[in-house]
Amino acid sequence: MRLFIDVGRYCRLIYEAIRSSTEFSMYWKNLINEMVKTGYDSLPIIMLAGFFTGAVMTIQTSYQLVAGFIPATTIGSIVSQSLLIELAAVISGLVLAGRVGARIATELGTMSVSEQIDALESMGFNSVTFLVMPRVLAGVFMFPIIYVTAVVAGLLGGIASALMTGALPVSDFMLGARQVFTPADVSFGIIKSFVFGFIITSISCFKGYFATGGAEGVGKATTQAAVLSCIYILLADFVLAFVLL
Amino acid sequence: MIEIKNLTKSFGKNLVWKDVSIDIHPGETLAIIGKSGSGKSVLMKHLNVLLYPDEGEVLIDGENVFEMRYARLRKLRQRFGVLFQGAALFDSITAFENVSFPLRYFSDFTEQEIRNRVLESLDLVNLSDIGNKSPAELSGGMRKRVGLARAIVLKPDYLLYDEPTSGLDPQTSNEINDLIINMAETLDITSVVITHDMHSVLRVADKVAFLDEQKLSWYGTIDEMKTSDHKALKAFVKASEYTI
């Protein structure tokens with residue numbers, strides 16, 4: 001029963017956010033602020049995660065492909081394509097479920113339990129327009145940029161790893177990457193990042209917006225936002241792979 | 001004028017109160033009193049439609065607020081100033097920005113006009129020098145004053161106070177009570193004060209509504225309250241250690 005109520009409230013919140021999206025003058029300042037917090041501020045952790053994912057994958061792939069008849073360029077192909085269609089989007093999503101999701105749920109949760117959301121409403125603001133819409137839009141706009149950053153960092157990590165370990169020449173890595181590159185893979189990754197951006201920000205807004213019960217309630221909302229975001233990212237990843245590949 | 005007519009509210013299976021009817025006349029200060037959990041704040045949140053009732057209506061100047069479309073409701077809410085229990089200041093911006101916040105979105109004022117109006121509001125609550133302090137740097141009393149300055153900055157017709165003196169020392173409570181009286185007199189505002197502080201009630205209120213046993217148990221003027229034989233009301237007042 002509780003699940004149905006939550007689904008209903010979530011759908012209503014998202015409907016209200018979309019319905020009020022035309023009130024751009026009310027939330028454009030918040031939107032820019034959120035784009036900086038969600039996108040720009042997340043770049044260091046995303047570059048770090050992407051770089052090491054690419055580096056580790058290069059080492060592991062070269063370790064697994066020991067047969068002499070498999071060309072070294074295959075390692076570059078596997079690493080680059082894995083980054084493009086799966087790892088860059090999913091690793092970024094999971095990292096940002098913690099970083100961005102937890103921040104959003106904590107901010108809105110604190111505002112909810114300290115009556116700041118009621119204060120906004122009582123002044124005549126639509127709190128969903130003002131608080132939820134910019135956060136969700138920032139997630140949807142910025143996650144594709146984050147995805148591209150993770151791909152680039154991952155490829156750099158792969159190249160650095162190839163150089164440092166001597167697993168394969170950099171030229172072979174690049175050749176392998178170019179051989180399998182198709183724009184459709186990038187489109188697939190970008191579609192994923194749009195969906196993941198929406199999932200993380202909308203779930204975190206929902207959990208924070210309806211948080212009750214003081215500090216404990218905010219903590220609970222934050223945990224639930226991060227955990228649910230991770231679960232739905234993995235589910236959406238499966239569904240998108242099934243439908244689009 | 002605010003007319004509360006046969007209002008009933010419950011959360012799930014829990015009835016908060018039933019069949020509450022109160023008239024609040026222009027310029028009047030009504031205190032809503034009752035034990036913790038009697039639904040005082042819930043009743044207040046119906047006046048500016050932060051909550052909807054199960055049954056009944058609230059008429060503001062003859063118009064049922066629960067039937068208003070959102071654009072109309074937004075305008076109505078701007079006629080209310082609300083001082084929340086914890087002041088509900090936005091902690092990501094300074095105290096000054098908190099007070100100027102509604103003006104930036106709901107007025108055509110220039111930067112200088114906004115500044116003048118904010119200073120005027122802060123002056124009315126005896127806070128002229130808060131500079132760029134954040135809400136976290138302010139004491140409880142100062143937070144309430146900033147909250148009150150924000151509530152009056154759009155020059156509302158109605159002011160709602162939710163537990164304005166709770167958590168404050170007696171001296172600061174007196175200062176807040178003085179401000180409530182001052183607001184009603186200088187701005188000619190209709191006020192609703194939610195409290196269980198009888199000292200505050202006796203100082204600021206013209207009329208009193210007592211919520212008890214899930215209903216409006218008693219309603220009348222301060223003088224009528226002083227001579228009332230209503231058992232629960234007398235017990236409530238006595239528990240506050242006031243002899244009236």
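Visitor: How many cavities of 30 Å³ or more does a search of the whole structure find?

Guide: The search of the whole structure finds 3 cavities of 30 Å³ or more, where a cavity is a set of points, on a 1 Å grid over the protein atoms alone, at which a 1.4 Å probe fits but cannot get out. Grid points are joined across faces, edges and corners, and a volume is the space filled by probe spheres set on the points. This is a predicted model, in which local features need pLDDT of at least 70 and side-chain atom pairs count only at pLDDT 80 or more, while totals for chains, interfaces and linings use all residues. Residues are numbered from 1 along each chain as its sequence is written, chains are lettered from A in the order in which they are written, and side-chain values use heavy atoms, with hydrogens and water left out.

Visitor: What volume does the largest cavity have, and which residues lie nearest its centre?

Guide: The largest cavity has a volume of about 110 Å³, and of its 13 lining residues, those nearest the centre are M123(A), F80(B), G81(B), R150(B) and A151(B); a lining residue has an atom within 4 Å of a point. Two or more lining residues come from each of α5 of chain A and, in chain B, β6 (80-83) and α5 (140-152), with helices (H or I, at least four residues) and strands (E, at least two) taken as DSSP runs numbered from the N terminus.

Visitor: And which helix gives the most to the lining of the second largest cavity?

Guide: Helix α4 (residues 111-124) of chain B does, with 4 residues; the cavity holds about 40 Å³ of space, and its lining includes R117(B), E120(B) and K155(B).

Visitor: Now A102(A): buried or exposed?

Guide: A102(A) is buried, with a relative accessible area of 19%, since buried means under 20% by a 1.4 Å probe on protein chains only. This residue sits in helix α4 of chain A.

Visitor: Which residues is A102(A) in contact with, leaving aside neighbours within four places in sequence?

Guide: Those are A97(A) and T222(A), contact meaning heavy atoms within 4.5 Å. A226(A) is 124 residues from A102(A) in sequence, yet their C-alpha atoms are 5.9 Å apart in space.

Key
Buried < 20%, exposed > 50% of the residue type's maximum accessible area, 1.4 Å probe, protein only. 1 Å grid on protein atoms, 1.4 Å probe; cavity = no way out; pocket = protein on both sides within 12 Å on 5 of 7 lines; lining within 4 Å.
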